[in-house]
Amino acid sequence: MLTTRYVPGAPNWIDLGTPDVETAAAFYGPLLGWSLQEAGPQAGGYGFFELDGKVVAAVGPLTQEGAVSAWTPYFHTADADATAKAVEQAGGTVRVAPDDVFAKGRMAGFTDPGGAEFAVWQPGTIKGLDLVTENGSLAWLELYVTDAETARPFYQAVFGWDIQDITFGDMPYLLLSTAEGENAALGGVRPLQAGDRPHWLPYFEVADCDASVVRVRELGGDLVAPASDIEGVGRFAVVSDPHGARFAVIASVG
């Protein structure tokens with residue numbers, strides 16, 4: 001379960017890279033109740049999505065040549081430079097070298113051996129997201145890869161995650177948990193469908209999954225995988241925004 005009591009390896013930030021920040025705000029605002037707060041003239045177009053005054057995500061323009069619109073999860077680290085070295089030693093790639101973001105923190109961006117992109121955040125004045133697991137906020141993460149057994153040793157080496165083999169129905173699933181904290185599950189690993197690209201997929205909590213899918217389409221997004229139920233977990237669907245960035249909406253049980 002995600003919390004804002006951030007421990008090493010826990011998701012503590014997420015942002016959207018998009019070719020049009022205003023269009024993104026016009027989509028996610030009505031869908032999830034978010035409002036866009038610009039970070040200021042020195043931030044290069046970066047801004048924060050807020051829900052009732054609490055930061056739930058961030059957004060910024062695409063800056064790398066050939067980049068596609070996508071959500072990127074960040075994981076807590078006490079030392080971004082040490083994590084960058086661990087990524088390289090484990091077979092990953094440093095996509096964005098560790099760098100300070102004013103006094104707010106230090107970040108770095110990586111690509112795992114399978115090709116999925118992620119990042120880390122070393123907190124400064126910003127510790128992480130203000131809200132998770134509530135309606136309109138980040139609830140879960142999943143990694144889609146061609147070879148889960150390649151992902152396992154990499155992320156264990158980089159973050160020290162506990163990775164367990166479980167099943168959802170007849171589907172194999174790797175459950176990811178931080179090494180510290182109670183109820184420390186943060187996400188899972190699913191097999192990649194043929195022709196797809198490796199990626200991290202964020203899940204955002206909603207009150208009604210099916211109504212959210214309808215709203216996605218009304219706002220110019222698309223349905224990637226139809227709504228389905230997972231016993232004891234909830235009902236979810238995978239969708240995309242008008243620029244193709246994928247995410248899931250989930251109405252959790254309990």
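Buried means under 20% relative accessible area, exposed means over 50%, and partly exposed is in between. These legends describe a predicted model.

**View 1. Gly45 sits in a loop.** Gly45 belongs to the loop between strand S2 (35–38) and strand S3 (47–51). Is Gly45 buried, exposed or partly exposed? Gly45 has 45% relative accessibility, so it counts as partly exposed. Set aside the neighbours within four places in sequence. Gly45 is then in contact with Val21, Val59, Gly60 and Pro61. Ala80 makes another reference point. Gly45 and Ala80 are 35 residues apart in sequence, and their C-alpha atoms are 24 Å apart in space.

**View 2. Thr18 is a buried residue of strand S1.** Strand S1 covers residues 11–18, and Thr18 lies in it. The relative accessibility of Thr18 is 0%, so Thr18 counts as buried. Which backbone nitrogen does the Thr18 side chain reach? That of Asp20, at 3.3 Å. Leaving aside neighbours within four places in sequence, Thr18 is in contact with Ala24, Val59, Gly60, Pro61, Leu62, Ser69 and His243. Compare this list with that of View 1: Gly45 also has Val59, Gly60 and Pro61 among its contacts.

**View 3. An open sheet has eight strands.** The strand order is S10-S11-S12-S9-S13-S16-S15-S14, and the pairing is mixed. Which strands form the edges? They are S10 and S14, and each pairs on one side only. From one strand to the next, the twist averages 25°. Strands of a sheet pair through backbone hydrogen bonds, either parallel or antiparallel. S15 and S16 pair in the antiparallel sense, over seven bridges.

View 4. Start with H1. This helix lies across strand S13 (199–205), S15 and S16. H1 runs at about 5° to S16. Now turn to H4. Helix H4 lies across S14, S15 and S16. Which strand does H4 run at about 10° to? The strand is S15.

**View 5. Helix H4 has a buried face.** H4 covers residues 209–218. Its residues Cys209, Ser212, Val213 and Val216 are buried. What covers them? The cover includes helix H1 (21–32), strand S14 (222–230), strand S15 (234–240) and strand S16 (246–252).

View 6. Asp208 caps the N-terminal end of H4. A side-chain oxygen of Asp208 lies 3.1 Å from the backbone nitrogen of Asp210. Just after H4 comes Gly220, with a positive phi of about 100°.

**View 7. Arg152 and Asp165 form a salt bridge.** Side chains of opposite charge can pair when their charged atoms come close. Arg152 and Asp165 meet at 3.0 Å, N to O. Arg152 lies in helix H3 (residues 148–159) and Asp165 in strand S10 (residues 162–168), so the pair ties together parts that are 13 residues apart in sequence. Is Arg152 buried or exposed? Arg152 is buried, with a relative accessible area of 14%. Asp165 is exposed, at 56%.

View 8. The side chains of Glu218 and Arg215 meet at 3.1 Å, N to O. The two residues are three apart in helix H4, so about one helical turn separates them. Glu218 has 54% relative accessibility and counts as exposed. Arg215 has 32% and counts as partly exposed.

**View 9. Asp229 and Arg235 form a salt bridge.** Their side chains meet at 2.9 Å, N to O. Asp229 is exposed, with a relative accessible area of 55%. Arg235 is partly exposed, at 25%. Elsewhere, salt bridges that share partners join Asp81, Asp100 and Arg106 into one network. How many salt bridges are there in the count? The count comes to ten.

Technical notes
Residues numbered from 1 in each chain as written. Predicted model: local features only at pLDDT ≥ 70, side-chain atom pairs only at ≥ 80, totals over all residues. Heavy atoms only, no water. Buried < 20%, exposed > 50% of the residue type's maximum accessible area, 1.4 Å probe, protein only. Helix = DSSP H or I, 4+ residues; strand = E, 2+ residues; numbered from the N terminus. Contact = heavy atoms within 4.5 Å. Polar contact = N/O pair within 3.5 Å; in protein donor to acceptor, adjacent residues only side chain to side chain. Salt bridge = Lys/Arg side-chain N within 4 Å of Asp/Glu carboxyl O. Pairing = 2+ DSSP bridges. Axes fitted to C-alpha atoms, helices over the stretch in contact; angles between N-to-C directions.
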